[in-house]
Amino acid sequence: MSDLTASVLETKNGFHVDGYEKISYDFTFLDGVFDTKNRQLAECYQKWGRVLAVTDMNVFNMYGEQIEKYFEHYKLELKVHKTKIGEKAKTIPTFLSIVDSMTEFGIYRKEPVLVVGGGLVTDVAGFACAAYRRNTNFIRVPTTVIGLIDASVSIKVAVNYGNYKNRLGAYHAPMHTFLDFTFLRTLPQAQIRNGFAELIKISSCSHLATFDLLDKYCEKLIETGFGRADGASDEVRNAADKINREGIHEMLKLETPNLHEIGLDRVIAYGHTWSPLHELVPETPLRHGHAISIDMAYSATLANNRKLLSDEEHKRILNLFSRAGLSMDHHQFDEEILDKGTQAILKTRDGKLRAAVPNPLGSCTFLNDVSMEELAGALKRHKEIMKEYPRNGEGLEAFVDASDTGYTENNQSEVEALEVAAEKAGNLNGSMNGNGVVHGGHLMNGHADGVNGVNGHASSVKEKLANGSVKGLTNGVNGFTNGAKA
């Protein structure tokens, strides 16, 4: 929530306005947020007597009954907007479908929408709240590692546009964020790994003690869902809780003085110089954690070339990525991506590269004086180094699948709903072809129900649904299956 204090002064030629906005919001660690014994969330809605919840189909299939019973227990009327949000559907049509539900619900201006899901869901639904009447409240309940560790910390909300991540968005703080790590019990291991990258990001550039814990417990953290799975030892659980709490705290300390990104030298932008473009380049997008890991690993090599990172520290970072099964390279991460990504990020960062790199491990330096020749040289060396690692540095389960997109059920109705939303908006974010398939909205080449391949697959969700070829395809790229040679 925010409050604005402003003054108006008359000047010789007109007026001068000074405004200061107070932004205030809370985080609560609460295992079992939808346990009827825990009334904290329900109390946020007692005033209204009802709840509009936005969540994705995967979360609803797993927790929908529990959520419904929770609000029924507290005599709160519940309406659920179920969506399927993946990177290629993180678009204006999806945004508009949420807006339509807010209109149908008759949301009041100060009434908070409840947003339950991963970072993609909280991004798009948060943007809908930012845009609806220019400022509608919302409460976040993140359910993935990325949602809990990274997306929950920032007040940025957005949708993708074209081939660029988060090109359209806003700064809009939630009223409250409930952090419930028991959701990780049911999160696929691929998503645990995906979020692990965000913790490497913050620790390698700002919190060495957390990096040391990640290094010590890497495999056990991923295997046990950060200590939440049955049979996890108290040692791993305690280490995970320390990592999570300190990681979030460190991110907040770095972000809160700069919530609107007025300062563009941002430590937490490590891994986010070339990845915003590269992530969506593969026909089946990379998972976010893998995209930033490629960027971080390459940036570490660049830093090592400059002697900002010692050989020992460089190898330690790369080894941690490899042990976690995270990507450090991709065949489409090439000089063209470096060139285009650099040109794009220069516009975002006001003409400077501001590439965050560890220097030394646990601290950060920003690079601005890097030529394309130096970038290309570092890339050539990086790819040579990758030959020493399993799969030439490619990660495990690196590409989005049904656990990201949610396209596991009722695919046709979702595609149709998005197309209707696009038509209502005057075909925003893409034109409609003769078959009614959204091009610019990225439903073309979208993959469904475990489909994660690139070459030779059907060109759209609708086409796959029509020809029955949705199931059984692999997760590979150019002969790779889940990052390993087929």
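Here is a working chat about the predicted model shown above.

Q: Before we start, what kind of model is this, and what pLDDT do local features need?
A: This is a predicted model, where local features need pLDDT of at least 70 and side-chain atom pairs count only at pLDDT 80 or more, while totals for chains, interfaces and linings use all residues. Residues are numbered from 1 along each chain as its sequence is written, and side-chain values use heavy atoms, with hydrogens and water left out.

Q: OK, sheet first. What's the strand order in the open sheet of six strands?
A: The order is β3-β10-β7-β6-β4-β5, with parallel pairing. Strands here are DSSP runs of E with at least two residues, helices are runs of H or I with at least four, and both are numbered from the N terminus. Two strands pair if DSSP finds at least two bridges between them.

Q: And which strands sit at the edges?
A: β3 (26–29) and β5 (77–83); each of them pairs on one side only.

Q: How much are neighbouring strands turned against each other?
A: By 20° on average, direction ignored. For angles, axes are lines fitted to C-alpha atoms, for helices over the stretch in contact, and the values run from 0 to 180 degrees between N-to-C directions.

Q: Zoom in on β6 and β7. How many bridges join them?
A: Five bridges, between β6 (residues 113–117) and β7 (residues 138–142), and the two strands run parallel. One of the residues involved is Gly117, whose bridge partner in β7 is Pro142.

Q: Which strands does helix α2 lie across?
A: Helix α2 (residues 57–73) lies across β4 (50–56), β5 and β6, and runs at about 160° to β4. Helix α4 (residues 119–131) lies across β4, β6 and β7, at about 160° to β6.

Q: I'm curious about Lys79. Where is its place?
A: Lys79 is in strand β5.

Q: What does Lys79 touch, leaving aside neighbours within four places in sequence?
A: Val51, Leu52, Ala53, Ser101, Glu104 and Phe105, with contact meaning heavy atoms within 4.5 Å. Ala53 is 26 residues from Lys79 in sequence, and their C-alpha atoms are 6.2 Å apart.

Q: So why does Lys79 count as partly exposed?
A: Because its relative accessibility is 29%. The classes are buried under 20% relative accessible area, exposed over 50% and partly exposed in between, using a 1.4 Å probe and protein chains only.

Q: Now charges. How many salt bridges does the structure hold?
A: It holds 29, each being a side-chain nitrogen of Lys or Arg within 4 Å of a carboxyl oxygen of Asp or Glu.

Q: Which residue does Glu261 pair with?
A: Lys156, with the closest N and O atoms 2.8 Å apart. That pair links distant parts of the chain, 105 residues apart: Glu261 is in the loop between α8 (234–255) and α9 (275–278), and Lys156 is in strand β8 (residues 156–161). Glu261 is buried at 17% relative accessible area, whereas Lys156 is partly exposed at 31%.

Q: What about Arg228, which residue forms a salt bridge with it?
A: Asp241, and the closest N and O atoms are 2.6 Å apart. Arg228 lies in the loop between α7 (208–223) and α8, and Asp241 in helix α8, so the pair ties together parts 13 residues apart in sequence. Arg228 is buried at 7% relative accessible area.

Q: Last topic, the largest nonpolar core. Which residues touch the most other members?
A: Phe196, Leu221 and Phe226, out of 72 residues in that core. The largest share, nine residues, comes from helix α10 (residues 288–305). A nonpolar core is a set of buried Ala, Val, Leu, Ile, Met, Phe, Trp, Tyr and Cys residues joined through side-chain atoms within 4.5 Å.

Q: And what is Phe226 in contact with, leaving aside neighbours within four places in sequence?
A: Val145, Leu184, Ile192, Phe196, Leu199, Leu221, Ala240 and Asn244. There is also a second, separate core of 25 residues, including Ile92, Leu96, Val113 and Val124.
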